[in-house]
Amino acid sequence: MLKLVDFLVLDQQVVLDAWFDLILGTYAENTAVLWKKRDDPFANPVRHRFEAGMRGIVMGLASCGEAPDAATFTPFLDEIVRVRAVQDFTPAQATAFIFLLKKAVREALWPKIVEHNLFVQLLALESAIDVLALFSLDIYCQCREKIYALRIDQIKKQYDRLLKRANLVCDLSAEGGEDQ
Amino acid sequence: MAKYPPPEELIKINYTTPVKSWMDTKTPFKTGNFSYPGKPDILKYLGMPNPRVWSPTDDDWQLPPDWQRIVMEKFRSLLKKYRSFKIFMDICVRCGACADKCHFFIGGGDPKNMPVLRAELLRSIYRGEFSAAAKVLGKLAGARKLEEDVIKEWFLYFYQCTECRRCSLFCPYGIDTAEITMMARELLHEVGCNINWILEPAANCNRTGNHLGIQPHAYKDMMDFLCDDIEDITGKRIRPNVNKKGCEILFITPSGDIFADPGIYTYMGYLILFEHLGLDVTWSTYASEGGNFGLFTSDKMMKKINGKMYNEAKRLGVKWILGGECGHMWRVINQYMSTMNGPADFLETPVSPITGTKFDAAAGTKMLHIAEFTADLIKNKKLNLDPSRNDNFISTFHDSCNPARGMGLLDEPRYIMKNVCRQFYEMPENTIREQTFCCGGGAGLNNEEFTETRLRGGLPRGNAVKYVRDRHGVNNLACICAIDRATLPPLCDYWAPGVGVSGVHELVGNAIILDGEKKRTTDLRQNPLPGMEDEEE
């Protein structure tokens, strides 16, 4: 007897298309039109990264059992979260895309779920998706921390050498560091 | 339990209702999407209008009382002065070819970053104020009135354009969107809305000769410091000429490379190259900046900063100028210099004293790009090179926007790369050469407060770098622009971790075998050379 995850694999394209449409619904209408249209991975990296991430997530869910692990899902979630972390979204808006997968699964697989009475499995799948939301939150925070670290690094790199030359800071790690 | 909206509501998915017209969408300012405004003392120094302390997040931007008249008068005078501007305002048919070519749009998805719509921010006012028919028809004809919100919108979006001109490449009419941004910025200057990262470097450059305001003795001091490092690495002491009269060549490069990591290694590369050739060349502390932040300020400032280089060439009595790895210096040289300060008839057309090659393409400006100079040396087998010293680098090449699209310098840097490195891989075709993606930091946007938006705009470049990293193990992104060297390291760190950034002449400096040098155990960054990991030092 086929399980929900089997349908997830068999009908993955339908689920992915529904999910992609829902995610693009979080962008401006004109933008969504252009991003749906163009499929060159280098001319349209957002779509490319999203599709790669989404496919990995759906396939991962089909094979992970009840407890998704961070090591498997982080690279796929990262493809999407890293982009949304720099796109003017609030933290909730940036990571909520993962919940849209629930909606996409229900929309795409509802007849099969009813026909084969897969409601218990659907609950399990949705719980797994909730776990992915928590992973996404971790990745989001790492991305934001990275942005702030990069800002600080940039300031340091710009003035570091000048400050050292002006003897305004001393580098104790350097050979024969000038003590002040 | 607290009621929290469901996810769909939270991210405001709107399945049915049409979106608001762009004209009715208010401009959002938040930390990370704008650059800090020009400081009052800098504006005063430059003699620019409306100096004051303000922030884009303020409700009241303290515009002058008659700001509308001021802006419209300037608009009128720019249309009169530049026929190109008037044509660019009139001929766009909104075909959309440029719409998805801007890196800020590709990475962020804000429709106002589509070049066509960004230009429309200006065109709508042009129609609303200068076209009688459109004045009457109003919004129907895409026209609107000049209100304070328009100024805010201009400030946000014209300072979210790096003037990289990728969109112009795809425009069937050849509309130069960078010039539209320049015009918009000139209008904004009139009411005192500008960014400090451009004006302070321009003021510094005006006063001391470079962006950071490094004074001559400090510049020389930094140079000696780098010569110390070269001596440690190669065992040879280099004594470069500074402000020396009567040399054959004046060398000018961005000042960013003398103090900022990783630009300093490129700077060391130049020093090693000139030493290797015994070139009759001098550096200058007065023309110690190639970059021209006047390009992002006004035509007057651009002319003045560009003129400084030529005045120095005259004062020192050189025959021609050699220019280093710089971005917008070359756009100014190649596209504006001849009609601005040129022709530089007191100089001679550059001839390589080593190979005898005459560079006729530089006959107008008398200024030669170092990539052309070095490629010619390699072609004529005048360099003693050991490319294996760069074997720790698996490199790719980022075409910097201005040399690529502003002067067509595409093959020379690649030719050099292939001769000084043994592992070189290109990024995908539609991300290099003329179609190169900007680093996100051009036109004065390489400041730290803009990091988040710059990373957003850096996605297309980062995505291509990640591709060659994963496919070929690329760990080094070489480039020929100082702004690239400042902005690409964080970009790579975010989008393609593990890939570092270098200048092309850093790799040249690694590969050159100087006469009488000691056995090198490290590269210019003082990292061990391949196979030298266990050597002392």
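How many residues of chain B are in contact with how many residues of chain A? I began my notebook with this question and found that 35 residues of chain B touch 38 residues of chain A, where two residues are in contact if their C-beta atoms, placed from the backbone, lie within 7 Å.

**Entry 1: conventions.** I noted that residues are numbered from 1 along each chain as its sequence is written, and that chains are lettered from A and ligands numbered from 1 in the order in which they are written. I also noted that this is a predicted model, in which local features need pLDDT of at least 70 and side-chain atom pairs count only at pLDDT 80 or more, while totals for chains, interfaces and linings use all residues.

**Entry 2: confidence.** I looked up pLDDT, the predictor's confidence in each residue, from 0 to 100, and for chain B I found a mean of 93, with 96% of its residues at 70 or more. Over residues 14-18 of chain B, pLDDT stays under 50, and the model has one contact beyond four places in sequence for them. Where pLDDT is low, the predicted coordinates should not be read in detail. For the complex, the predictor gives an ipTM of 0.92 and a pTM of 0.93.

**Entry 3: chain A.** I counted eight helices and zero strands in chain A, helices being DSSP runs of H or I with at least four residues and strands runs of E with at least two, numbered from the N terminus. Chain A has a radius of gyration of 22 Å, whereas a compact globule of 180 residues would have one near 16 Å; the radius is taken over C-alpha atoms, and the globule rule is 2.2 Å times the number of residues to the power 0.38. The C-alpha atoms of chain A fill a box of roughly 80 × 40 × 25 Å along the principal axes. Of its 180 residues, 33% count as buried, that is, with 20 or more other C-beta atoms within 10 Å of their own C-beta atom, all placed from the backbone (12 or fewer is exposed, in between is partly exposed).

**Entry 4: a bent helix.** I then followed helix α5 (residues 70-84) of chain A, which bends by about 40 degrees at D78(A), the bend being the angle between axes fitted to the seven residues ending there and the seven starting there. The buried residues of α5(A) include F73(A), D78(A) and R84(A), and the buried residues of this helix pack against α4 (45-63), α6 (91-95) and α8 (119-165) of chain A together with α21 of chain B.

**Entry 5: the domains of chain B.** Chain B is divided into domain 1 (19-194) and domain 2 (201-511), with bounds from an automatic or database domain assignment. Their C-alpha centres lie 31 Å apart, and 24 residues of domain 1 are in contact with 26 residues of domain 2. The largest share of the domain 1 side, five residues, comes from α5(B).

Entry 6: Which residues of helix α8 (residues 148-158) of chain B are buried? I listed V150(B), I151(B), E153(B), W154(B), F155(B), Y157(B) and F158(B), and what covers them includes α6 (115-130) and α10 of chain B. Helix α23 (residues 504-511) of chain B is mostly covered, with eight of its eight residues buried, and these pack against α14 (263-277), α17 (370-379), α19 (411-420), β7 (476-479) and β8 (500-503) of chain B.
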